[in-house]
Amino acid sequence: MPSHAYILMPEWQGSSSSRALRLTEGAEALRVDLPSSTVEVEVPLGAGDAMGTPALRLSSVLRSRDAALRLLREIEQPHITVGGDCASSFAGLAAAVERHGAEHLAVLWFDAHPDLQHPATSPSGAISGMTLRHALGEGVDDLVFGTPIHNELVTLVGTRAFDEEEAAEVERRALAHLRVPDEPDPDAFAQLVAERLAATGATHLYVHIDLDVLDPAEFSAVHAPEPFGLSLAQLTAAVRAAVHTLPLAGAAVCEFAPCDGSAADEDLSSVLRVLAALGASRDTP
């Protein structure tokens, strides 16, 4: 049995971008390099509707989430979801909570944005920007986690673009935040991540990676690039350190949105390096 299960989930309806369908092109580019055992989530073709809520395209996001959850509940191995927007983390994170318990699950949130917007005040209504807020127990009823993840077990990593409400939410919940370091040494940054995880006392780990956590000078195939991000070496070193510190329960690699085929080819190797870091065995030096 393979050590990790790969889930291809070309969901785009959670994105705020007018070019959200580029995510499906990113998923297609990834498909060729994923294991033959990869399972694909059936994502609705249509945008869907808000179902009377402030959360845009909610109906389609719910259908995708529920389809992914049905698959994940049948999978025993750690799972890695790829190919969608940040809302594609809903199912994997919920499945990890079900299997290991919120009190035992550390969450690393590698993302240029904290995804802590509330539906009632979100400037865009995009569900991707609300993903972590719902996992923490607040938001639209249909998306809110029945068993929320724990504030003290969440760590924002490389996050640098906060709106005013999100900054207040980080402070209110006292969420840990590992900023992009001034020192470029990947090993030093990886050590900080490992120490943070060890201090949580958790037994398992969920890793969310929005590829916009990377510096745009190294990786451009995202919808909302933010300057002064992590280097690819820092990201992959940190992820390897994380999965060597705690057993991986699940992960999502999100927002691969190349503008065309040449851009996909240019940045695909970077995504594959991130996936390799997630899939590293705890026994690998």
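Select Leu23 to begin; its place is in helix α1, residues 22-31. The model is predicted, so keep that in mind at each stop. Is Leu23 buried or exposed? Leu23 is buried, because its relative accessible area is 0%, and buried means under 20%. Val41 is 18 residues from Leu23 along the chain. Draw a distance between the two C-alpha atoms: the separation is 14 Å.

**Two positive phi values**

Next, pick Met51. Met51 sits in the loop between β2 (39-40) and α2 (58-72). Check its backbone: phi is near 55 degrees, a positive value in a residue other than glycine. Most residues other than glycine have a negative phi. Met51 is partly exposed, with a relative accessible area of 43%.

Jump to Ala174. This residue lies in the loop between α5 and β6. Ala174 is not a glycine, yet its phi is positive, at about 55 degrees. Is Ala174 buried or exposed? Ala174 is exposed, because its relative accessible area is 61% and the cut-off for exposed is over 50%.

**Salt bridges**

Show the charged side chains. Side chains of opposite charge can pair when their charged atoms come close. How many salt bridges are there? The count comes to eleven.

Select Glu98 and Arg73. Their side chains meet in a salt bridge, at 2.6 Å from N to O. Glu98 belongs to helix α3 (residues 89-100), and Arg73 to the loop between α2 and β3 (79-84), so this pair ties together parts that are 25 residues apart in sequence. Glu98 is partly exposed, at 48% relative accessible area. Arg73 also counts as partly exposed, at 45% relative accessibility.

Move to Arg133 and Glu138. Here too the side chains form a salt bridge, 2.7 Å from N to O. Color the two by accessibility. Arg133 is buried, with a relative accessible area of 5%. Glu138 is partly exposed, with 24%.

What joins the side chains of Arg173 and Glu138? A salt bridge does, at 3.4 Å from N to O. Arg173 lies in helix α5 and Glu138 in the loop between α4 (131-135) and β5 (154-157), so the pair ties together parts that are 35 residues apart in sequence. Now widen the selection to Arg133, Glu138, Glu165, Glu169, Arg172 and Arg173: salt bridges that share partners join these residues into one network.

Arg173 counts as buried, because its relative accessibility is 11% and the cut-off is under 20%. The side chain of Arg173 makes a polar contact with the side chain of Asn151, at 2.9 Å.

Zoom in on Asp182, found in the loop between β6 (176-178) and α6 (186-200). Asp182 is exposed, with a relative accessible area of 82%.

Conventions. Residues numbered from 1 in each chain as written. Predicted model: local features only at pLDDT ≥ 70, side-chain atom pairs only at ≥ 80, totals over all residues. Heavy atoms only, no water. Helix = DSSP H or I, 4+ residues; strand = E, 2+ residues; numbered from the N terminus. Buried < 20%, exposed > 50% of the residue type's maximum accessible area, 1.4 Å probe, protein only. Polar contact = N/O pair within 3.5 Å; in protein donor to acceptor, adjacent residues only side chain to side chain. Salt bridge = Lys/Arg side-chain N within 4 Å of Asp/Glu carboxyl O.
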